[in-house]
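Open the model in your viewer and keep the sequence panel beside it. Each stop below names what to select, then says what is there.

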Amino acid sequence: MFIFDNHAHANEITGLGAGEVVRRFKAAGGGGIVFVTLLTWSIGGRPGDRGWVVRLYDQAVKNAEVARAAGLISGAVVGVHPAECVKLLEVGWAEAEVEEFMRWAVDLAARYVEEGRAVGLGEFGRPHWPVQQRVVELCNRVVLYALERAKDVDAAVHLHLERGGKATVDSIAELAARTGIRPERVVMHHIEGALAGYAFTKGLSPSVPIGRRGEFEDALKSGPVFVVESDYIDDKSRPGAVIPPWTLASKLRQYAASGRIAADDLRQICVSNVARIYGRRLPIE
């Protein structure tokens, strides 16, 4: 039984760090995990500081290296969270300055992929909280550029998005179509379980948080067309947020043992669908 966590964070500054996260995940039966960058200020950095972005990316790369050293399949996904756009606008940056910075961050992420240090870009995207329309439009331009660069390097993109129902899915499908990226490379991170099937019909890759009550079950109603994630943030001040990777592993093993999910469906979710997203960047089959 192979268990894969498609989106997690580890932070030795605020939390347990990758070594302990990986140890607990593996002990619970975990076999593979993708580590994604956090926020620049989550590691003590300054928003908009390019040097801190490099440190942020390097942390995710190191986390994946720790996981692989422990015998897990792992890769890093690197990028700058849309919260950084909002923060920079709040402190007085012009929209053009923010966009230039974010495009630089996208290009740097693409370079990490090209150099074999990362398996994808992200999490870029849009705020999931209310913001002005100009902020949404700025973030959409960043998303479009991230999709274009991901296409260039044939890599996955994890997108942080609002939970806006089918309209959110449709908007991302439209942006993906404009760039010509293979839609399965586009990961809709933290998507509503009930929308997993709809996103899949658009060719996208839904990533369902197993920690939200009932969402895994809702996703399964459309069949094993998604991947699962913990979205663990590894912050001791917020223990368990969203859920730890080792809890994800335990839950999936319990679901399989109780017959709530068939073995073939679990393999589809944790192996075949993962391979569909990352391709040669993250050999798993």
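Helices (H or I, at least four residues) and strands (E, at least two) are DSSP runs, numbered from the N terminus. This is a predicted model: local features need pLDDT of at least 70, side-chain atom pairs count only at pLDDT 80 or more, and totals for chains, interfaces and linings use all residues. Residues are numbered from 1 along each chain as its sequence is written, and side-chain values use heavy atoms, with hydrogens and water left out.

**Stop 1: helix H1**

Select Glu20 and Arg23. They form a salt bridge (a side-chain nitrogen of Lys or Arg within 4 Å of a carboxyl oxygen of Asp or Glu); their closest N and O atoms are 2.7 Å apart. Why can these two meet? They sit three residues apart in helix H1 (residues 18–27), so about one helical turn separates them. Glu20 is partly exposed, at 23% relative accessible area. On this scale, buried means under 20%, exposed over 50%, and partly exposed in between (1.4 Å probe, protein chains only).

Now pick Ala18, also in helix H1. Ala18 is buried, with a relative accessible area of 6%. Contact means heavy atoms within 4.5 Å. Leaving aside neighbours within four places in sequence, Ala18 is in contact with Ala10, Asn63 and Val66.

**Stop 2**

Select strand E2 (residues 30–36). Buried or enclosed at how many positions? Seven of its seven residues are buried, so E2 is largely enclosed by the rest of the structure.

E1 and E2 pair in the parallel sense over four bridges; two strands pair if DSSP finds at least two bridges between them. Show Ala8: its bridge partner in E2 is Phe35. The chain passes from E1 through H1 to E2, and this β-α-β crossover is right-handed. Right-handed means that, with the strands pointing away from the viewer, the path from the first strand over the helix to the second runs clockwise.

Phe35 has Ala76 as its bridge partner in E3. E2, helix H2 (residues 50–69) and E3 make a right-handed β-α-β unit.

**Stop 3: Glu123**

Jump to Glu123, in strand E4 (residues 120–125). Glu123 is buried yet has no salt bridge. The nearest side chain of opposite charge, Arg238, is 11 Å away. For charge, Lys and Arg count as positive and Asp and Glu as negative; His and the chain ends are not counted.

What does the Glu123 side chain make a polar contact with? One partner is the side chain of His7, at 2.9 Å. Another is the side chain of His189, at 3.4 Å. A polar contact is a pair of N or O atoms within 3.5 Å; within protein, one must be able to donate a hydrogen and the other to accept it, and residues adjacent in sequence count only if both atoms are side-chain atoms. Show the residues that Glu123 touches, among them His9, His81, His158 and His160.

**Stop 4**

The structure holds 19 salt bridges. Select Arg117 and Glu115, a pair with closest N and O atoms 2.5 Å apart. Arg117 is partly exposed at 33% relative accessibility, and Glu115 is partly exposed at 46%.

Finish with Glu217 and Arg260, bridged at 2.6 Å, N to O. Glu217 lies in helix H8 (residues 215–220) and Arg260 in the loop between helix H9 (245–258) and helix H10 (263–278), so the pair ties together parts 43 residues apart in sequence.
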